[in-house]
Amino acid sequence: MKFASRTARIEPFYVMECAKAAAELARSPACRNEPMIYLNIGEPDFTAPPLVREAAERCLRDGRTQYTDALGLLPLRERISAWYAQRFGVDVPARRIVLTAGASGALQLACLALVEPGDEILMPDPSYPCNRHFVSAAEGRAVMLPSGPEQRFQLSATAVAQAWTERTRGVLLASPSNPTGTSIAPDEMKRIVEQVRARGGATIVDEIYLGLSYDEAFGVSALTQGDDIVTINSFSKYFNMTGWRLGWMVVPESMVAVVEKLAQNLYICPSTVAQHAALACFERESLAEYERRRAEFRARRDFLVPALNRLGLTVPVMPDGAFYAWADCSTFAPDSWDYAFDLMRRAHLAITPGRDFGQADTKRYLRLSYATALPQLEEAVTRLRRCL
Ligand SMILES: Cc1ncc(COP(=O)(O)O)c(C=O)c1O
């Protein structure tokens with residue numbers, strides 16, 4: 001069968017090879033006495049809190065499972081709007097909030113709405129791998145700008161200005177970032193937005209990890225920079241609902257109807273059950289639980305990152321959000337891909353090598369996820385100490 005050429009532009013996740021090898025080894029006798037510890041997981045080890053699960057059960061019991069509006073349930077859009085005001089001090093009217101099938105659905109809609117064939121979108125190297133593929137799927141081209149520790153692994157306004165050409169349509173940023181857990185400082189974000197705006201471009205900011213921010217200096221939404229920013233968010237990470245497939249985007253007023261038309265045609269609506277359940281995320285009891293879990297993630301970071309630094313697996317920039325540490329392993333091995341397999345075999349640790357996240361300097365880095373309980377992290381550090 002002949003497949004469309006766009007499928008060839010989308011690379012496979014190499015890291016799945018690593019994950020498969022880890023799962024295979026975990027089942028083998030070699031791991032009987034020392035089970036595999038998974039530090040490669042990109043999702044919270046918590047599940048949705050009780051009120052959310054009860055709301056989903058109620059929704060199913062009452063048969064409220066019909067399609068919703070393509071933009072999503074208005075009460076949920078209103079709750080998200082109130083959450084922006086309460087948590088981030090930013091006024092985002094519900095009419096600009098579009099519910100989607102995860103951040104992934106939102107990123108696809110944003111790219112389809114904004115990217116013409118041949119358009120270029122600037123993003124940092126390293127970045128979340130799917131971001132460049134969302135751009136490719138819309139027939140655009142992701143231009144990955146090497147962004148090192150001195151830039152918090154993020155784009156700078158200077159880099160944006162230098163890389164801009166007549167083909168550039170905008171920037172796609174993630175703050176905090178996957179794989180580095182580092183954010184763009186609000187001042188720098190302001191300067192980036194000014195550069196993009198001056199050139200008539202679009203600023204898209206993936207804020208999926210903003211709820212999991214540990215430093216007030218960085219925990220600021222890009223929406224504070226103006227009504228022309230497109231932001232992406234999700235119930236997957238802070239709200240611990242990865243498999244429910246629910247996210248949202250905040251779009252400029254003029255983009256709502258365009259995105260609505262695309263969403264109606266491409267997806268009809270996001271999951272109705274997930275939307276009804278998500279209403280309960282904003283109950284006082286659920287929010288208190290989310291905050292307790294955020295504190296738990298922070299405690300894990302405060303254990304893991306200094307421990308890695310002491311071992312020589314240096315984390316050049318302290319992550320201020322998400323649940324990832326981006327550690328430099330170049331003292332121990334020239335290529336983090338081989339090294340990840342080596343650690344898997346010798347220490348029974350599943351760790352993500354840098355390869356999928358870009359090309360600039362990713363061979364130096366491993367991504368360790370601390371979406372796993374503290375005792376497991378302590379054991380992981382003990383094993384690393386033994387191996388290094
Ligand atoms: C930066 C980033 N954006 C988007 C996504 C996709 O999230 P969702 O589950 O909401 O589709 C992920 C998932 O890991 C991510 O890390």
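How many bridges pair strand 3 with strand 4, and in which sense? Strand 3 (residues 120-125) and strand 4 pair in the parallel sense, over six bridges. Helices (H or I, at least four residues) and strands (E, at least two) are DSSP runs, numbered from the N terminus. Two strands pair if DSSP finds at least two bridges between them.

## Basis of the model

This is a predicted model: local features need pLDDT of at least 70, side-chain atom pairs count only at pLDDT 80 or more, and totals for chains, interfaces and linings use all residues. Residues are numbered from 1 along each chain as its sequence is written.

## Overall build

The protein chain holds 13 helices and twelve strands. Its radius of gyration is 21 Å, close to the 21 Å that the globule rule gives for 388 residues, so the chain is as compact as a globular protein of that length. The radius is taken over C-alpha atoms, and the globule rule is 2.2 Å times the number of residues to the power 0.38. The C-alpha trace spans about 55 × 55 × 55 Å along its principal axes.

Of the 388 residues, 47% count as buried. A residue is buried if 20 or more other C-beta atoms lie within 10 Å of its own, exposed if 12 or fewer, and partly exposed in between; C-beta atoms are placed from the backbone. Among contacts with a separation of 6 or more, 74% come from residues 24 or more positions apart. Two residues are in contact if their C-beta atoms, placed from the backbone, lie within 7 Å.

Strands of a sheet pair through backbone hydrogen bonds, either parallel or antiparallel. Here, an open sheet of seven strands has the order 2-8-7-6-5-3-4, with mixed pairing. Strand 2 (97-100) and strand 4 (141-146) stand at the edges; each has a single partner strand, so one side of each is left without a neighbour in the sheet. From one strand to the next, the twist averages 25 degrees. Axes are lines fitted to C-alpha atoms, for helices over the stretch in contact, and angles run from 0 to 180 degrees between N-to-C directions.

Ile-121 links two pairings. Its bridge partner in strand 4 is Ala-142. In strand 5, Ile-121 stands opposite Gly-170. Strands 3 and 5 run parallel and are joined by three bridges. Strand 5 also runs parallel to strand 6 (residues 202-206), with five bridges between them. In that pairing, Ala-174 stands opposite Asp-206. Six of the seven residues of strand 5 are buried, so this strand is largely enclosed by the rest of the structure.

## Ser-234 in strand 7

Ser-234 belongs to strand 7 (residues 230-234). Is Ser-234 buried or exposed? Ser-234 is buried, with 28 other C-beta atoms within 10 Å. Leaving out residues up to four places away in sequence, Ser-234 touches Gly-102, Ala-103, Ile-208 and Gly-247. The C-alpha atoms of Ser-234 and Ala-103 are separated by 5.2 Å, although the two residues are 131 residues apart along the chain.

## Helix 5 against helix 9

The axes of helix 5 (residues 102-114) and helix 9 (residues 256-266) come within 10 Å and cross at roughly 115 degrees. The crossing is right-handed. A crossing is left-handed if the near helix is turned anticlockwise from the far one by less than a right angle, and right-handed if clockwise.

Which residues of the two helices meet? Leu-109, Leu-112 and Ala-113 in helix 5 meet Val-258, Val-259, Leu-262 and Ala-263 in helix 9. The contact has seven nonpolar residues, no polar and no charged. Ala, Val, Leu, Ile, Met, Phe, Trp, Tyr, Cys and Pro count as nonpolar, Asp, Glu, Lys and Arg as charged, and the others, Gly among them, as polar.

Two peptide bonds deserve a look. The bond from Asp-125 to Pro-126 is cis, with omega near 20 degrees. Pro-126 sits in the loop between strand 3 and helix 6 (129-137). The bond from Ser-175 to Pro-176 is also cis, with omega near -5 degrees. Pro-176 lies in the loop between strand 5 (168-174) and helix 8 (186-198).

Positive phi values occur too. Glu-139, not a glycine, has phi near 70 degrees. Glu-139 is in the loop between helix 6 and strand 4. It counts as partly exposed, with 16 C-beta neighbours inside 10 Å. Ile-268 is not a glycine either, yet its phi is about 65 degrees. Ile-268 lies in the loop between helix 9 and helix 10 (272-279). With 11 C-beta neighbours inside 10 Å, Ile-268 counts as exposed.
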